[in-house]
Structure formats: C-alpha cells, structure tokens
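Reader: I would like to go through this chain with you, with each criterion spelled out before a value is quoted. Could you begin once the sequence and structure are on the screen?

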Amino acid sequence: MINNKELLTTINSYEDNISDHMDSDAAQTRADLLDYYLGESYGNERDGYSSVVTREVYQTVENIKADIAELFVADDETVRFEPEGVNDVDAAQQATDWIRYVFYRQNDGFSNIMDSLIDGLLQRQGVIKRWRAMEDSTSVHDFTDISQEAYALLEADPEVEITEFEELMDDVTEMITFSGKMLHTVTKSSTRVEVVPPEEFGIDRNATTIKEARYVRQRSQKSKSDLLEMGFKESKIDKASTSSGYNEYDSPERIARNFDTDDYDGDENQIANTYDLHEVYIRVDRDEDGFDELIKVCKIGNTVLDVEEVDEIPFEIWTPIRMPHKLTGLCPADAAAPIQKMKSTLWRNQLDNQYNLNNGRPVVVEGQVDLDSVMSSKPGAPYLVKHPSAISFPGQPSFGAHTNNMMGMADQMLEKDVGSTDNSISPDILNGNTAAGAVSQVLSKRQARIRLIAREYGEFLRKVFMGIYELEIAHAEDKAVFRLNDKFVEVDPRTWNARKDVTVLVGLGNGSKTEQLFHMQQTMQAQQTMVSAGGLGITVMPYQIVQLQEDMVRLYDKAAYGRYFTDPGKDFTGQQEGPSAEQQAMQAQQQAVMAQIEIEKEKIAIDRAELELKEQEFMLEVKKHEDENEFKVAELNLEARSERAVKIG
C-alpha cells in the first residue's frame with residue numbers, strides 16, 4: 001500500500017504536465033480570447049493615434065450562442081430516455097420527467113446550459129460536474145408533557161437537539177413529565193450540477209476522453225467553513241496552509257474575467273482564510289496488486305484531507321470544434337480573434353488617415369510662420385505668416401476605399417472561416433411565395449456548421465443527463481414527489497432499469513421555433529389528408545392529432561399544456577364500432593336472463609292450463625254426482641207412489 005507521501009509525489013508529477021496548466025500556452029490563449037471578447041486593448045497602442053478595437057470575437061460568440069441556445073433553452077425538454085421494451089414505456093417517461101426536474105428545478109439548469117455553452121464557444125472547453133451532495137434540513141418542534149422514557153429516547157436520537165426543556169411533576173400521579181423545544185435535523189442527499197471554470201479544471205495532456213483519463217483535477221478556493229461542511233476533519237484543515245503559493249488569483253483567465261475589478265496586487269488580505277483545495281482523480285496501483293484503482297484525493301498543498309476509491313470521474317467536457325485523438329479542440333473565437341485584430345488595425349489606419357485629411361500636415365518656412373497659429377486645430381483659425389508662400393499643405397493620400405474593401409474581405413473571411421454573420425435570411429428569399437426557400441436558407445452551409453456545433457453540445461448534455469440518471473439510481477433513498485403539468489407525481493428511482501439509451505431532442509434537422517412550426521404544419525396537413533381518405537383510427541389516431549396540436553401550442557407557451565385540448569386516450573379511434581367485449585358480455589347476459597324469463601312464463605302457462613283442466617274434471621265429477629243424486633231421488637219418489645221398487649236409468 002503506497003503512502004500519502006508517495007501519492008503526493010505522483011500527483012505533483014501529473015500536475016506539472018497537465019494540458020491546462022496555468023502557466024501553459026493554453027491558459028494564456030484562453031485569457032487572450034477573453035480580452036478579445038471584452039474588447040480590451042492589444043497593448044500596441046500609441047499616444048496620439050487611434051486605439052479603436054472592433055468586436056468580431058464578441059459578435060461571433062454571441063451570434064452562435066443565440067442560434068444554439070434557442071435549441072436547448074426554448075423549453076425543458078432537452079433529452080428523453082428511450083424505453084427498452086413494451087413494458088418500459090411508462091418507466092422511461094417517468095425517468096425523463098424526473099431527471100429534467102432534477103436538472104432544471106433542483107439545479108439551475110438554464111445557467112448551467114448557458115455558462116457551459118459560452119465556455120466552449122469562447123474558451124475551447126465547457127465542463128460540467130455532477131455529484132451527490134449531503135444536505136441538512138433542520139426544523140423546530142415543540143414537545144409537551146412527555147414521559148421520562150420518551151424524553152430519554154429524544155436525547156439519544158442523533159438527529160434531535162433539545163434546545164430548552166422544563167421538568168414537571170403531576171400532583172396526582174406524581175409522574176415526571178417534560179416539555180420544551182427541539183431541533184430535528186435530517187440529512188438528505190441530492191444530485192448537484194455545476195459548471196466548472198476552465199481555469200479550475202486540469203486533465204492529463206494525453207487523455208482523449210474523461211472516462212479513461214489517468215489524471216483529472218479541480219482546483220478551487222474554499223473557506224474553512226466550506227471545508228467543514230464538506231466533511232473534512234478540522235484537525236487536518238488546521239495543518240494545511242492558507243497560502244499554497246499556487247492559487248486561483250494567479251490564473252490569467254481569472255484576471256481577464258474580472259475585467260471590472262481592480263487587478264490582484266498580491267495583498268495577502270484578499271486571500272486570507274481561504275484554502276486552495278485540489279480535488280484529484282488519479283489512476284494508481286495504490287494497493288500494489290498490479291491493477292490501477294481510481295482514487296479520489298482531496299488535498300491542500302501537501303496536506304491530504306481525504307483519500308477514497310471511487311467508481312467514476314464526475315466531469316463531462318465538450319469542445320465546439322473537435323480534433324481527432326485530442327480531448328480539447330478549437331472554438332469559433334480562435335478563428336475570429338486574428339480577424340478582429342486585422343480589422344482593428346485597418347480601422348485605426350483609416351481613422352488616422354481621415355484625421356490627417358481633416359487636419360493636414362503643413363510645410364512651413366522656418367522663421368516665416370507663427371508656430372502657435374499653425375498648431376491650433378480650431379476650424380477657421382488663421383495662420384500668421386510673413387509671406388504668402390511661407391506655408392503650404394501637400395496633398396494627403398486617401399485610402400478609405402481600399403480600407404473598406406479590405407474590411408469587406410475580412411468580413412467574408414469571418415463568415416467563411418467561422419460561419420458568423422448577422423444575415424440569417426436573404427431579403428430575396430423573403431419575397432418567395434412559399435416557406436421552402438426560407439427553410440433552405442436556414443439550412444445553408446453556415447447553419448449546417450452551427451448545427452454541427454449544436455450536435456456536439458447535445459452529445460455533451462446527453463452524457464450529463466445519463467450521469468444524473470445513474471446518480472439517482474445509485475443514491476436514491478426513498479420515493480420522491482414532484483409537480484409535473486399541474487399534477488403531483490410520485491417516482492422511485494430505486495426501481496428503474498440501468499438503461500443506457502438516452503436521446504437528445506435536438507439534432508441537425510431541428511431548427512428554430514419558426515422552422516419547427518413549419519414542419520409541424522406539414523405534418524398536420526399529412527394527417528388531414530389521411531383522415532380525409534378514411535384513415536382515422538387506422539393510420540392516424542385522435543390522440544396523435546391532439547398531441548400535435550399541443551406541441552404546436554407549447555412552442556410558444558409551455559404552460560398552456562392541456563389548456564385547449566383534451567386527450568381522448570390511446571384506445572379511442574373516433575370511428576363507429578360495434579359494442580366492446582364488456583358490452584357484448586352484458587348483452588349476452590341480458591339475453592340469457594330474458595330467455596330464462598320466457599321459459600318461466602311458459603312453465604306458468606302450462607301450470608295454469610293444468611289447473612284449468614283439473615278444475616273442469618272436478619266440475620264434471622260434481623255434475624255426475626248431482627245427476628246420480630237426482631236419479632236416486634226420482635226413484636225414491638216413484639217407489640213411494642207406486643209402493644214397489646223402481647230402477648231409473
């Protein structure tokens with residue numbers, strides 16, 4: 001196991017050879033580009049001559065920034081996680097919504113995008129760091145008449161601090177109770193995202209990717225309070241020196257960026273009580289087993305605060321103009337800077353020439369002219385001479401036309417080399433009858449070049465969002481609830497898949513809002529054509545029509561989601577169809593019931609007929625008995641009259 005002293009030796013050897021050492025040409029170049037952007041003087045100005053500075057670097061960076069930023073900050077839908085299967089659609093959408101929420105709401109997503117974008121366009125590289133931070137949330141609570149046992153539990157709870165209490169005894173029960181106030185502190189982790197200034201970031205000059213780099217370092221100024229909040233031991237902090245001799249105030253980029261403040265003059269009071277913290281990620285065989293481990297080392301000077309083995313390097317970097325086999329390439333400001341200096345020189349010469357034309361340089365005869373009157377530049381002021389020919393003004397050459405031609409050529413070079421121009425659409429195109437010409441103009445070579453830079457930046461954001469996703473899966477402690485489209489949604493990153501497919505929603509074919517609206521209108525016309533041909537519910541579903549209308553509205557008003565249209569649901573086809581399976585089952589059940597009722601009715605009718613038949617039989621029996629009785633009575637009467645036996649019937 002190598003010790004801290006050997007580890008520091010290895011770190012120092014890397015630090016002297018990183019690609020962006022503050023004494024390197026790269027650091028000075030970035031400082032110079034900042035000066036060009038701010039319109040600072042070049043240092044070759046002369047008293048009495050023009051010192052105008054043109055702003056081509058500023059114009060280039062701002063034009064390209066405006067074109068690219070519109071693609072990424074128009075709304076929050078920067079990336080989308082793609083589902084990995086049919087059953088993963090809802091989970092992918094949930095992951096997309098939550099990671100956007102973490103980036104834009106829990107962190108300042110807009111500023112992170114704009115700052116990293118301008119760092120890349122102006123200083124060759126933009127760097128974003130994402131990590132998991134522990135934060136304390138403290139709340140105040142009152143407790144009243146709690147038992148001794150409950151009070152003991154509060155005292156033993158490491159998250160509770162009792163600030164005041166009162167011990168009371170109940171006169172009846174003679175039990176002791178406690179009342180008072182306490183602080184409840186809960187430590188929660190959250191994903192943090194920030195843009196790292198280029199002068200703070202250093203990497204092994206041989207590295208071609210962040211993931212495989214052998215040495216990466218972030219250097220930042222921290223107070224003692226900052227270090228304690230980061231979890232470092234106070235005893236180690238006190239051993240470190242606040243003056244490491246190698247601090248941020250020495251950085252030429254930092255000096256150039258602080259253009260509106262006094263230059264750092266070495267006053268120790270300006271850096272009192274601050275520490276030069278180095279957060280180093282280095283691959284080294286620490287346990288001497290023959291395999292390198294990725295080690296994170298936090299140090300101040302030669303004092304090591306902490307050493308731990310980590311899984312990844314938490315930085316992502318982008319460069320606008322990629323160079324093969326090199327991590328940091330070039331930026332548009334590199335090409336604009338020499339053109340700015342050229343145009344500044346041409347303007348200075350032109351202004352000096354114009355001044356000489358307006359205030360000609362005279363030839364005077366010594367002793368024949370009053371020099372004070374000659375030196376006066378007041379318009380209409382007379383020259384005092386002793387002889388008319390004692391003063392003359394030789395002709396001054398005017399090269400204004402040549403200068404204008406050269407500056408025009410410089411503008412052409414700027415547009416050709418950088419793709420920066422203020423003319424996005426030709427006036428001739430605007431006279432066309434259709435929008436096709438305008439779209440073609442937008443997708444010109446200049447725009448194609450800018451869109452390629454945008455694609456590089458989009459790939460950079462894809463890696464950032466994937467890193468945030470992996471942090472959420474690895475460190476989420478519980479379910480989270482957040483607001484989405486005026487609804488509260490519950491997510492649990494612990495249940496997500498370790499997906500690797502994330503799409504940046506900005507490609508080379510996606511343009512400004514106007515261009516996107518044009519393509520949406522084309523899509524809407526295609527939908528209408530299909531619907532007219534009978535494709536509703538077959539090739540075009542009603543929910544797709546509503547979704548397109550929602551997207552068109554959200555281009556200009558993201559908050560209008562769901563305000564003007566109602567989602568009919570994916571199962572609604574808009575066509576007259578037969579009853580559903582449930583309806584068919586209900587109908588069959590109803591028919592079975594009706595059939596059973598008919599059967600019961602028939603049974604009742606049969607029973608009724610049987611009753612009627614039995615009633616008729618009964619009546620016949622009654623009639624028979626009545627007839628028999630009548631015969632018997634007649635026989636008896638006849639026998640009585642005849643006094644002999646008689647048989648009737």
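Author: The expected span of a helix is 1.5 Å times one less than its number of residues, while helices (H or I, at least four residues) and strands (E, at least two) are DSSP runs, numbered from the N terminus. This is a predicted model, in which local features need pLDDT of at least 70 and side-chain atom pairs count only at pLDDT 80 or more, whereas totals for chains, interfaces and linings use all residues. Residues are numbered from 1 along each chain as its sequence is written, and side-chain values use heavy atoms, with hydrogens and water left out.

Reader: How many residues does helix α2 have, and what distance does it reach from its first C-alpha to its last?

Author: Helix α2 covers residues 25-38, which is 14 residues. At 1.5 Å a residue the expected value is 20 Å, and the distance from first to last C-alpha is close to that, at 20 Å.

Reader: Which elements do the buried residues of α2 pack against?

Author: Buried means under 20% relative accessible area, exposed means over 50%, and partly exposed lies in between (1.4 Å probe, protein chains only). In α2 the buried residues include Ala26, Arg30, Leu34 and Tyr37, and the helix is followed by Gly39, whose phi is positive, near 75 degrees. With contact taken as heavy atoms within 4.5 Å, the buried residues of α2 pack against α3, α5 (109-123), α9 (252-257) and α10.

Reader: Leaving aside its neighbours within four places in sequence, which residues is Tyr58 in contact with?

Author: Tyr58 lies in helix α3 (residues 56-73), and at 35% relative accessibility Tyr58 counts as partly exposed. The C-alpha atoms of Tyr58 and Leu34 are separated by 9.3 Å, the two residues being 24 residues apart along the chain. Once neighbours within four places in sequence are set aside, the contacts of Tyr58 are Tyr37 and Gln340.

Reader: Why does the length of helix α4 agree with what its residue count should span?

Author: Helix α4 (residues 89-106) holds 18 residues, and several of them are buried, among them Ala92, Trp98, Ile99 and Phe103. At 1.5 Å a residue those 18 residues should span 26 Å, and the lengths agree because the end C-alpha atoms are apart by 25 Å.

Reader: Which residue in the turn of the β3 and β4 hairpin has a positive phi?

Author: Two strands pair if DSSP finds at least two bridges between them, and strand β3 (residues 160-169) pairs with strand β4 (residues 176-196) in the antiparallel sense over 9 bridges. Within this pairing, Glu166 has Ser179 in β4 as its bridge partner. The hairpin leaves 6 residues between the strands, and the turn residue with a positive phi, about 60 degrees, is Glu174.

Reader: How many salt bridges are there by the rule in use?

Author: A salt bridge is a side-chain nitrogen of Lys or Arg within 4 Å of a carboxyl oxygen of Asp or Glu. By this rule the count of salt bridges is 16.

Reader: Are Glu15 and Arg217 buried or exposed?

Author: The side chains of Glu15 and Arg217 meet in a salt bridge with an N to O distance of 2.6 Å. This pair links distant parts of the chain, since Glu15 is in helix α1 (residues 4-15) and Arg217 is in strand β6 (residues 215-223), 202 residues apart. Glu15, Arg217 and Arg219 are linked in a network of salt bridges. Glu15 has 7% relative accessibility and Arg217 has 0%, so Glu15 counts as buried and Arg217 likewise counts as buried.

Reader: In the salt bridge of Arg322 and Glu456, how does each residue count by relative accessibility?

Author: The side chains of Arg322 and Glu456 meet at 3.0 Å, N to O. The pair links distant parts of the chain, with Arg322 in strand β11 (residues 321-323) and Glu456 in helix α15 (residues 445-475), 134 residues apart. At 56% relative accessibility Arg322 counts as exposed, whereas Glu456, at 18%, counts as buried.

Reader: What share of the 649 residues in the chain do buried residues make up?

Author: The chain has 18 helices and 17 strands. Among contacts between residues at least 6 apart in sequence, 69% join residues at least 24 apart. Of the 649 residues in the chain, the buried share is 36%.
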